[in-house]
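Hi there,

Here is the structure I promised to pass on to you. Have a look at it first, and then read on for what turned up.

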Amino acid sequence: MEEGRTQEEAAQLRQVVAALEDEVAYLRRRVREAPGNLDELESEFSRTRDRLDRAAAQNDKLSHLLEEAREQLGVLREEVEKLTSPPNNFGTVLQVNADGSVDVLTGSRKLRVAAQPSVEVKKLQVGQEVLLNEAFNVIDVRSFEPAGEVLRVRETLDDGRVMIQAHADEEKVLKRSDVMAEVYLRAGDYVRVDAKTGLILEKMERPEIEELVLEEVPDVTYAEVGGLAEQIEQIRDTVELPYMHKDLFKEYELVPPKGILLYGPPGCGKTLIAKAVANSLAKNVSKRSGRPDVRSYFLNIKGPELLNKWVGETERQIRLIFQRAKEKSDEGVPIIIFFDEMDSLFRTRGSGISSDVESTIVPQLLSELDGVESLKNVVVIGASNREDLIDPAILRPGRLDVKIKINRPDPVAAREIFRIYITDQTPIDSEELSSFGGPVGDFIVSMIDTTVTDMYATDKEREFLEVTYANGDRETLYFKDFASGAMIENIVRRAKKDAIKRQIAGGPIGVRASDLKAAIKQEFREHEDLPNTTNPDDWAKISGKKGERIVYVRTLVGGDEESRLIEKVSGGQYL
């Protein structure tokens with residue numbers, strides 16, 4: 001029985017061993033197959049992770065697109081709200097009230113409105129532009145209106161309002177904006193106004209008058225004016241002496257002259273003297289006051305530029321000129337009013353030479369000159385080539401008291417003028433200088449003496465014109481009879497230019513005496529047509545030839561075979 005049990009157990013054990021062997025074989029098979037499955041699982045895992053990454057990226061992209069779409073919808077919603085919202089009105093502040101309300105003008109309506117809390121009402125200024133919403137509340141503050149109509153001030157009232165002269169002599173009374181509350185306005189000033197609100201927004205410069213005042217006093221000195229020592233002394237006695245010695249003039253009960261007339265042929269230094277007077281006076285003012293910032297004023301009035309085709313406009317500008325002089329004279333500094341080409345403005349009334357414009361311009365100047373008594377330190381200087389055309393009422397004593405004739409330079413004056421333009425610093429030809437054997441200054445004087453002698457010669461080559469007077473007398477005029485400071489300056493310039501051209505070409509350096517002689521001949525030839533006018537008598541007056549009336553002029557330049565006869569034509573024009 002035990003044996004049977006033992007066999008049964010052995011059989012069971014064999015079964016167990018066989019089962020274990022099968023299991024071992026299965027496990028061995030599984031072990032052999034395990035690496036391939038692992039690789040497949042890892043590959044599948046990697047693919048799954050890639051799909052997850054792509055899905056996450058796509059999800060982020062979709063999220064970003066949704067955000068952009070949301071923002072675009074918001075912008076579109078704002079644009080739609082703007083397009084569908086009612087328009088805002090612009091208004092101009094008229095007054096800020098104590099209760100925080102604001103009086104504004106919008107369109108043609110005057111309203112009292114409130115302001116949003118973000119707007120500082122106390123900082124609003126009269127005349128300032130504001131933005132109003134649909135309920136007419138101030139929601140934004142703008143600047144002042146930059147455009148407007150420009151009108152002229154007629155009078156400033158005591159309460160601050162201003163009387164304005166509009167178009168067609170219409171007058172208006174306007175209020176000031178806050179920016180103009182403390183600005184000084186005088187009659188004749190130009191202001192920019194807002195016609196809708198009746199407010200003055202800005203003071204404009206007066207170009208028509210401001211351009212008459214030279215910001216810088218001319219830098220011409222008396223040393224640059226040659227050959228006119230006597231005239232310079234006269235004008236200094238007239239202009240500078242009364243200002244520098246006011247007490248003595250008052251002690252002697254001597255009234256300073258009101259005006260000076262500088263007259264003479266063209267190119268002889270009338271304008272140059274006026275500039276030198278302004279420069280000298282400015283220096284004396286600074287020296288007397290002890291302040292370098294104090295200077296005189298020089299109102300340079302060009303006659304032709306002052307003429308205006310509109311009736312009364314020239315007279316108005318003359319009034320403004322003297323008004324400006326009065327304003328500046330109140331500061332205690334001297335004022336010079338210089339009328340250049342005075343005959344173009346103030347011709348004799350009823351002469352028939354020009355239009356009737358002088359019938360109103362001349363009386364305007366006369367009234368201003370007579371009124372200069374109330375002005376201090378004001379001197380009127382006039383310059384003219386034709387003093388015979390100026391109205392006699394202007395030239396009488398008490399108006400233009402002093403009349404100074406500026407003559408053509410004689411040989412002595414010509415030497416002074418040449419010396420101004422040829423200085424010791426001017427390059428001189430070294431060969432001529434060495435042959436002279438003296439200092440540069442002495443050689444220049446010698447060269448100028450030779451040039452002046454040649455220029456003022458009265459030989460056949462220097463004959464210029466033959467004039468016939470009304471009484472039948474004839475006279476030969478030479479080149480010297482038409483000399484002027486401007487002509488001498490031009491001669492020196494020609495000589496210097498020839499020296500520069502010679503140096504550029506590789507020749508000797510410096511000016512030669514022959515350059516000056518050649519320049520005289522060239523200048524002589526270019527002025528051959530000086531008397532080319534239909535009225536020789538008028539030409540003679542311009543050139544400074546007074547006395548017997550000239551009826552015929554014959555040129556002598558180039559010999560008798562080239563001479564031309566210029567006859568008077570009745571009703572000839574003034575050139």
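Let's begin inside the protein. The largest nonpolar core has 34 residues, and Phe 418, Ile 422, Met 447, Met 455 and Ile 491 touch the most other members. Several elements each give this core at least two residues: helices H10, H12 (440–455), H13 and H14 (513–526), along with strands S16 (463–469) and S18 (550–555). There is also a second, separate core of 29 residues, with Leu 299, Ile 321, Met 342 and Ile 394 among them. In soluble globular proteins, nonpolar side chains tend to be buried together. Please keep in mind that this is a predicted model.

Which residues is Ile 422 in contact with, leaving aside neighbours within four places in sequence? They are Ile 444, Met 447, Ile 448, Val 492 and Leu 516.

Next, zoom out to the whole chain. The secondary structure comes to 15 helices and 19 strands, and 40% of the 575 residues count as buried. The chain exposes about 32,800 Å², with carbon and sulfur atoms supplying 51% of that area.

Of its 28 lining residues, Gly 267, Cys 268, Gly 269, Leu 272 and Ala 486 are the closest to the centre. Helix H5 (270–289), strand S14 (378–384), helix H10 (411–421) and helix H13 (485–504) each supply at least two residues of the lining. By type, the lining residues are 12 nonpolar, 9 polar and 7 charged.

Enjoy exploring!

Note on methods: Residues are numbered from 1 along each chain as its sequence is written. This is a predicted model: local features need pLDDT of at least 70, side-chain atom pairs count only at pLDDT 80 or more; totals for chains, interfaces and linings use all residues. Side-chain values use heavy atoms; hydrogens and water are left out. On a 1 Å grid over the protein atoms alone, a cavity is a set of points where a 1.4 Å probe fits but cannot get out, and a pocket is an open set with protein on both sides within 12 Å along at least five of seven lines; lining residues have an atom within 4 Å of a point. Helices (H or I, at least four residues) and strands (E, at least two) are DSSP runs, numbered from the N terminus. Ala, Val, Leu, Ile, Met, Phe, Trp, Tyr, Cys and Pro count as nonpolar, Asp, Glu, Lys and Arg as charged, and the others, Gly among them, as polar. Buried means under 20% relative accessible area, exposed over 50%, partly exposed in between (1.4 Å probe, protein chains only). Accessible areas come from the Shrake-Rupley method with a 1.4 Å probe; for residues, only the protein chains shown count as cover. A nonpolar core is a set of buried Ala, Val, Leu, Ile, Met, Phe, Trp, Tyr and Cys residues joined through side-chain atoms within 4.5 Å. Contact means heavy atoms within 4.5 Å.
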